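Here is a quick tour of some side-chain contacts, a surface patch and a couple of loops. Have the structure open and follow along.

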Amino acid sequence: MDTSAPTPESPFRGRQARSGRHSAPTLEDVARAAGVSLATASRVLNGSERKVAESFRERVEQAAAELGYTANVSAQATARGTSPVIALLVADIADPYFGLIASGVARGADEHGLVVTIAITERDPAREKRIVRALRGQRPQGLILAASRTHEPMEQEIRQELAEFARFGGQVVSLGAGAQGERSVEIDNVAGAEALGRRMAELGYRSAVVLAAAAGVDTSDARLDGFRRGFGAGGGVVERIYRGGFRRESGTDAMTEALADGIDRGTLVFAISDVVAIGAMTAIRDAGREIGVDIAVCGFDDVPSSLDVTPPLTTVHVPLTDVGYQAFRATIDADWNQGPLPLDVIVRESTPVRRGAAR
């Protein structure tokens, strides 16, 4: 019995190749099964703005469902000018900071029937430039740049690529200050870090060490400046700054170096992110020092693991899922305006009150 033959209920179930395996149904197959022209089937399934009679639309959609037809993204891009895709560029997918942002972007995309594609830049400007150029050919509807910006010369070349992307109908959205004409979702890193610094001074800390990224990385620079301002206003002094990156290993390495240089009991360590802070806590424990009682540690972002470490980490809560969702909305809403992103200082056991401090 030939099981590949059409059945009365379904005029066509897919073509069978000489190997015996079924090949994917084509748009021509859908048009034939629905009894419409190829142009009509294309208008229904590839996103053309030209209107199709409702009876034809129902027949085409039913045929496509029966055949298991999946629309060709390239064809949709040709019909619409853009494809039903949102591209998200992150520095490090293993960092929970970017995972939470991606979650917010994905939630928005799901609400609108769009697909999210993620690319990893590793904070390498040359790599980011190559990715943006490659994405231009795929014509995603929106491009969200979540990795922290720098002031490197390559940045201007990336901006040119982004301008070309926008020229052909794609919407560019940056996290942090964007170029002129770009939309951006801004996290007030300066204000958040300033509030943290002021609160740490209120808890009685007067000497701090900062674990930061390389000079010129916008997020790191903003958090360092804000913390210095708030901590200094409360009578505290940033004694030393150690430069590394945003990875957990960066925090461990920088803290190991700081410990080798000498850390007095009662010193506060401010790491520019929770991930860096958690790495620093590992180095402190490995050195036989006690976190909180001996050396206090605070971070920034309030990723879920900041509550799971021992002792739980003092940090600044950033609504990262909301950040991602707002970034998505910025790619599709013509009249988009950024909503509020409140940043709150969360004091936990990693920064106990120092003796004599006002509670």
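A salt bridge here is a side-chain nitrogen of Lys or Arg within 4 Å of a carboxyl oxygen of Asp or Glu. The model is a predicted one, where local features need pLDDT of at least 70 and side-chain atom pairs count only at pLDDT 80 or more, while totals for chains, interfaces and linings use all residues. Residues are numbered from 1 along each chain as its sequence is written, and side-chain values use heavy atoms, with hydrogens and water left out.

## Salt bridges

A search of the whole structure turns up 13 salt bridges. One of them joins the side chains of Arg 229 and Glu 194, at 3.6 Å from N to O. That pair ties together distant parts of the chain, with Arg 229 in helix H9 and Glu 194 in helix H8 (residues 189-202), 35 residues apart. Helices are DSSP runs of H or I with at least four residues, strands are E runs of at least two, and both are numbered from the N terminus.

Asp 294 is buried, with 9% relative accessible area, and Arg 289 is partly exposed at 23%. Then there is Arg 329 with Asp 333, at 2.9 Å; Arg 329 is partly exposed at 22%. Finally, a network of salt bridges links Arg 133, Arg 136, Glu 161, Glu 164 and Arg 167.

## A phenylalanine cluster

The whole structure has 3 aromatic pairs. Phe 227 and Phe 231 make a stacked one, 5.2 Å centre to centre with 20 degrees between the planes. Rings of Phe, Tyr and Trp (its six-membered ring) pair if their centres lie within 6.5 Å; planes under 30 degrees apart count as stacked, over 60 as edge-to-face and the rest as tilted. Both residues sit in helix H9 (residues 218-233), 4 residues apart, or about one turn of the helix. Phe 227 is buried at 0% relative accessibility, and Phe 231 is buried at 0% too.

Phe 227 also stacks with Phe 270, at 4.4 Å centre to centre and 15 degrees between the planes. This pair spans distant parts of the chain: Phe 227 is in helix H9 and Phe 270 in strand S8 (residues 268-271), 43 residues apart. Phe 270 is buried, again with a relative accessible area of 0%.

## Two loop residues

Gly 169 lies in the loop between helix H7 (154-167) and strand S4 (171-175), and is partly exposed at 48%. Its C-alpha is 8.1 Å from that of Arg 139, 30 residues away along the chain.

Pro 340 lies in the loop between helix H13 (320-332) and strand S11 (344-346). This proline is exposed, with a relative accessible area of 73%. Pro 340 and Ile 187 are 153 residues apart in sequence, but 9.6 Å apart in space, C-alpha to C-alpha.

Note on methods:
Buried < 20%, exposed > 50% of the residue type's maximum accessible area, 1.4 Å probe, protein only.
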